[in-house]
Amino acid sequence: TWLPLTDASFFDLLKYVFLLPIVATLTLTVPDVRRPGMAKGYWCYFSFVIAIAWIGVYSYLMVGWAEIIGNTIGIDSFIMGLTFLAAGTSVPDLLSSVIVARMGEGDMAVSSSIGSNIFDILVGLPLPWLVYTLWPSKPGVVAIGADGVW
């Protein structure tokens with residue numbers, strides 16, 4: 001529902017205000033394939049593509065905002081990326097593992113946490129590098145910078 005609960009606590013109202021832009025954009029742009037008549041056809045694929053596009057937009061905004069906050073506080077962008085963004089992207093995996101473990105499915109919780117990390121290492125890291133090296137911008141040159149590492 002769009003309206004907050006009438007008997008909600010302060011935390012519930014704060015969560016509602018914080019999540020309202022995300023819920024609004026997803027509700028208005030991603031078709032709900034659970035509705036009658038939407039199960040037929042290819043609406044599920046369209047919803048999947050739109051949802052992935054929104055994840056890309058949210059990720060871009062999250063990285064930009066983390067960089068702005070880091071520059072404001074005086075923390076290097078490299079450190080912000082290693083700590084806050086890495087922790088922020090691992091929290092959903094943690095929450096899903098805890099929920100599944102509370103349901104009594106411990107093996108599913110462990111496989112979820114291990115599987116997401118393996119996927120990140122085997123696909124999330126090499127795929128952008130592969131696309132970068134195959135994209136014909138400057139052939140034969142890959143610049144690797146390590147200025148902020150040490």
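This is a predicted model: local features need pLDDT of at least 70, side-chain atom pairs count only at pLDDT 80 or more; totals for chains, interfaces and linings use all residues.
**Helix α2**
- Helix α2 covers residues 43-73; helices here are DSSP runs (H or I, at least four residues) numbered from the N terminus.
- Ser47, Ala66 and Gly70 are buried in α2, where buried means under 20% relative accessible area, exposed over 50% and partly exposed in between, with a 1.4 Å probe and protein chains only.
- The cover over the buried residues of α2 includes α3.
- Ser47 counts as buried because its relative accessibility is 9%.
- Leaving aside residues up to four places away in sequence, Ser47 touches Val30, Pro31 and Val33 (contact means heavy atoms within 4.5 Å).
- After α2 comes Gly74, with a positive phi near 105°.

**Aromatic pairs**
- Rings of Phe, Tyr and Trp (its six-membered ring) pair if their centres lie within 6.5 Å; planes under 30 degrees apart count as stacked, over 60 as edge-to-face and the rest as tilted.
- The count by this rule is three aromatic pairs.
- Trp43 and Phe46 make an edge-to-face pair, because their planes stand at 85°, with ring centres 5.9 Å apart.
- Trp43 and Phe46 are three residues apart in α2, so about one helical turn separates them.
- Both partners are partly exposed: Trp43 at 37% relative accessible area and Phe46 at 41%.

**The largest pocket**
- A pocket is an open set of points on a 1 Å grid over the protein atoms alone, where a 1.4 Å probe fits, with protein on both sides within 12 Å along at least five of seven lines; lining residues have an atom within 4 Å of a point.
- The largest pocket has a volume of about 880 Å³, meaning the space filled by probe spheres set on the points.
- Its lining has 21 residues, and Ile22, Ile55, Tyr58, Ser59 and Met62 are the closest to its centre.
- At least two lining residues come from each of α1 (10-29), α2 and α3 (77-102), and α2 gives the most, with ten.

How values were computed. Residues are numbered from 1 along each chain as its sequence is written. Side-chain values use heavy atoms; hydrogens and water are left out.
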